[in-house]
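The sequence and structure come first.

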There are 2 protein chains.
Amino acid sequence: MTSATFLFSPVEADLQILSENLIQLVGTRHPKLFAAAKHLFGAGGKRLRPAIVLLVSRATMLDEDITLRHRRLAEITEMIHTASLIHDDVVDESAMRRGVPTIHSLFGNGVAVLAGDFFFAQSSWYLANLDNLEVVKLLSEVIMDFAAGEIQQGDTLFNTSLSIEAYLKKSYYKTATLFANSCKAAGVLSGVSNEVAEHLYCYGRDIGLAFQIVDDIFDFTGSADVLGKPAGSDLKSGNLTAPVLFALAEKPYLEVLIEREFAQKGDLEQAIALIQDSKGLEQARELAKQHATQAVEHLNVLPPSESRQALINMADYVLTRLY
Amino acid sequence: MTSATFLFSPVEADLQILSENLIQLVGTRHPKLFAAAKHLFGAGGKRLRPAIVLLVSRATMLDEDITLRHRRLAEITEMIHTASLIHDDVVDESAMRRGVPTIHSLFGNGVAVLAGDFFFAQSSWYLANLDNLEVVKLLSEVIMDFAAGEIQQGDTLFNTSLSIEAYLKKSYYKTATLFANSCKAAGVLSGVSNEVAEHLYCYGRDIGLAFQIVDDIFDFTGSADVLGKPAGSDLKSGNLTAPVLFALAEKPYLEVLIEREFAQKGDLEQAIALIQDSKGLEQARELAKQHATQAVEHLNVLPPSESRQALINMADYVLTRLY
């Protein structure tokens, strides 16, 4: 099994700098935010998004060192991600995240809304100061996708006729857009051609989709300890993911349980059992593998390097989390 | 008395286009947002901010017509303002705004957080697509000031040692930053010199401060009908404004009432009576006048025009709201 630490080795020093910078960047303007930042950025986050940005930066810069703007982009990526988590937890009323209490459950809705706004605002500001309009456009697209995606997700809750295509689109807005646009932005900062930039976008998109599908599988296979939240949480809230949609084709009674929104005692447990008994989890694994494989193919445009190899291994890593 | 409608006459047609565009811009991506947008943008907002942006645009373009980018800037200004109102109402748990129910009281915290995020995100996106990095920087500064300002305000609640300088700084972050930076941005889009751009910034800042001070006076002189919320609301929540800070120097007992956070029955009513009996309201009016006068002086750098005259009259209008 590939460990994340080993995988990130070409950018280990970069990630160390990033962690220190993030707390400083976010905290300088206000001590309360400094506390929130330490709470958030120290809470065992995997740093997957900035690691990928830094690896793409190194893989596209080759002999030359990555610039301060590449580093800033990685920091912005993690800031946008964190801001969206804080607001998502308010919207979903989640009490726990990564096994620690959420900002809104610790400090209330008001502080959570403001902290999220501040992180979004600060990322927009740092973004503008990268002095590259294309990069500003790419990342502001992400922030818009996040908000539109959450609203769309709210609209399709308990909708058993959701297609796999619609699920993938939802997953793009929710997760993959940040991977896709930040990978492309790292390439743009390195001055790659439009063609290479598009491949970087596709790499990010497919890795992001694979990552989200694997996360959705975990909702049924992970323990509450590992998840940091109860198993079946997404299903309970009506967020229908790949394993559920595949299982629906095989287990008609699942549709009944979902459409009555698990109103009767034991409905949720029965639904989870039906999904686990179906081929849904295996089919979802296949879908994740497809996207991971496609992701790797997009790296063929890059010259070989230690960082490119780490990006290739990243696809395996995303999948190894499955077993 | 100068009416807003008369004042806006040079940009009346522009404001009509703006209203139609705003609902379209915000609503295209999602029907639920379209409904929220109609609710918000139709709720009797004064359109003061976009009107000023449009007037600055016309005053700096003179013979030439204003561009689509000037119009878009005015729309972005109103979008940022609206997004901040939606989130403020969640933070302050306000049930009413401009006499109509707030988004969070109608649709819940979740929808309010998402709608605010979406409007902020969309304004960032439209901003990036203005293709002018300086303008992106100016307006992303505003979004950051708003978030930092709200957090700071939360920190100084019931703090009777707040100085007038600190109050003005708070009012800048909360209100004047949007006026200041959007006026400057309109000038930048017209290609004015740095010197003129700075004067436009100062005009916006001083008009914005005068506007906020007048609003804070209303909290004590307006009726619940006009305010769309109960009188003394700010004071009750511990947000100490100009009339209160001036009155504190004159009425020592006010400090006692505020510092015990109006814990005893009749405390709030007594505090309001003390403020109304003091010179605080008159001193606050003087402060508003000072800023309105300063604002007008900054317009001397612009050549005479109907729009410049409307900007001068705007300063009077902000003050006439006082009587």
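## Salt bridges

Over all chains, the count comes to 24 salt bridges. One of them joins the side chains of Arg58(A) and Asp14(A), with an N to O distance of 2.8 Å. Arg58(A) belongs to helix 4 (residues 48–61) of chain A and Asp14(A) to helix 2 (residues 12–27) of chain A, so this pair ties together parts that are 44 residues apart in sequence.

## Model and confidence

The model is predicted. Its scores are ipTM 0.85 and pTM 0.89. For chain A the average pLDDT is 89, and 91% of the residues score at least 70.

## Extent of the interface

The size of an interface is often given as the accessible area lost when the parts come together. For chain B and chain A, the buried area is about 3600 Å². Carbon and sulfur atoms give 68% of this area. In terms of residues, 37 of chain B are in contact with 37 of chain A.

## Polar and charged pairs across the interface

Two salt bridges are counted between chain B and chain A. Among them is the pair Lys137(A) and Asp131(B), whose closest N and O atoms are 2.9 Å apart. Six residue pairs are in polar contact between chain B and chain A, with both residues at pLDDT 80 or more.

## Which parts of chain B take part

Four helices of chain B each supply at least two residues of the side that touches chain A: helix 3 (31–41), helix 5 (68–92), helix 7 (109–128) and helix 8 (133–155). Helix 8 of chain B gives the most, with 14 residues.

Sorted by class, the side of chain B that touches chain A has 18 nonpolar residues, 10 polar residues and nine charged residues.

## Relation between the copies

The same surface serves both copies, as 100% of the contact residues of chain B recur in chain A.

Technical notes: Residues numbered from 1 in each chain as written. Chains lettered and ligands numbered in written order. Heavy atoms only, no water. Contact = heavy atoms within 4.5 Å. Buried area = accessible area lost by both parts, 1.4 Å probe. Salt bridge = Lys/Arg side-chain N within 4 Å of Asp/Glu carboxyl O. Polar contact = N/O pair within 3.5 Å; in protein donor to acceptor, adjacent residues only side chain to side chain. Nonpolar A, V, L, I, M, F, W, Y, C, P; charged D, E, K, R; others polar. pLDDT = per-residue confidence, 0-100.
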